[in-house]
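Me: I would like to go through this structure with you, strand by strand and ring by ring. Could you take my questions as they come?

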Amino acid sequence: MFKRLMAINFRKPSGLIGRYIIRFLKKNQIEYDELDPLLKLNKDEIVLEIGYGLGKGIYDYSKKYECTFHGIDFSRLMYSKALRLNHENIKLGKVILLCADFDNYSFENDTFHCIYFLNVIYFWSEIHSRLKKIFTILKQNGKVIIFMADAECFKDNKLFESETIFYRYNIGDVVKEMEKIGFKAIKTIEHTKEKKCFYIIGYKK
């Protein structure tokens, strides 16, 4: 029961356990730092982060780039934390945060130059429809950047025993699915410290 409760809160942090989960989310900083040079953002581009968590990635990038950063996350706790951190750039219109489910929220087609998400894919029961939606809302020549660990990394992780909450995907299978949908020039870049963890980059050409 406790393991399932923990798993649920990794997916959608809330309450006291959600606040405990925050300390794990703070460990994502190295991924945000490594993602930065991969973004290659130009002035006035429109960017989306799916599952922004504490909002630290958006906070760092919005300070550095003259772009508009959108974020969507369905955890009310994460939304409140991210609002507080990003309040200055929200006032300036540089940051727009949503508390909503990506699956159900309607974005206009051809909206974003770049979409990225870190450690989110494990919570998707299937990836085709989500990747297809990402492809549709990207502008022509836009890119998606996915950070994820290969399924092999979780073979001994007891939290991932709950297949109704966590889903394991092989890097190769994700790349193949992206190719089917139409992403081009797909490449994978391994994490500098964690083996079998990759940034996957694909373009809408």
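Me: How many bridges join S4 to S5?
Reply: S4 and S5 run parallel and are joined by 6 bridges. Strands here are DSSP E runs of at least two residues, helices are H or I runs of at least four, and both are numbered from the N terminus. This is a predicted model, in which local features need pLDDT of at least 70 and side-chain atom pairs pLDDT 80 or more, while totals for chains, interfaces and linings use all residues. Residues are numbered from 1 along each chain as its sequence is written, and side-chain values use heavy atoms, with hydrogens and water left out.

Me: Which residue is the bridge partner of Phe117 in S5?
Reply: Phe117 has Ile146 as its bridge partner there.

Me: What is the strand order of the open sheet?
Reply: The order of its 7 strands is S3-S2-S1-S4-S5-S7-S6, with mixed pairing; two strands pair if DSSP finds at least two bridges between them. S3 and S6 are the edge strands, each pairing on one side only.

Me: Which strands does H7 lie across?
Reply: H7 lies across S1, S4, S5, S6 and S7, and runs at about 145 degrees to S5. Such angles run from 0 to 180 degrees between N-to-C directions, with axes fitted to C-alpha atoms, for helices over the stretch in contact; contact means heavy atoms within 4.5 Å.

Me: And which residues of H7 are buried?
Reply: Arg130, Leu131, Lys133, Ile134, Phe135 and Ile137 are. Buried means under 20% relative accessible area, exposed over 50%, and partly exposed in between, with a 1.4 Å probe and protein chains only.

Me: Changing topic: which residues form the aromatic cluster?
Reply: Phe102, Tyr105, Phe107, Phe112, Phe117 and Trp124 form one cluster. Rings of Phe, Tyr and Trp (its six-membered ring) pair if their centres lie within 6.5 Å; planes under 30 degrees apart count as stacked, over 60 as edge-to-face and the rest as tilted.

Me: Why is the pair of Phe107 and Phe112 edge-to-face?
Reply: The ring centres of Phe107 and Phe112 are 5.4 Å apart and the planes lie at 75 degrees, so the pair is edge-to-face. Both Phe107 and Phe112 are buried.

Me: Is Phe102 buried or exposed?
Reply: Phe102 is buried, at 4% relative accessible area. The charged end of Lys133 sits over the ring of Phe102, 4.6 Å from its centre; the rule asks for NZ of Lys or CZ of Arg within 6 Å of the ring centre and within 35 degrees of the ring normal.
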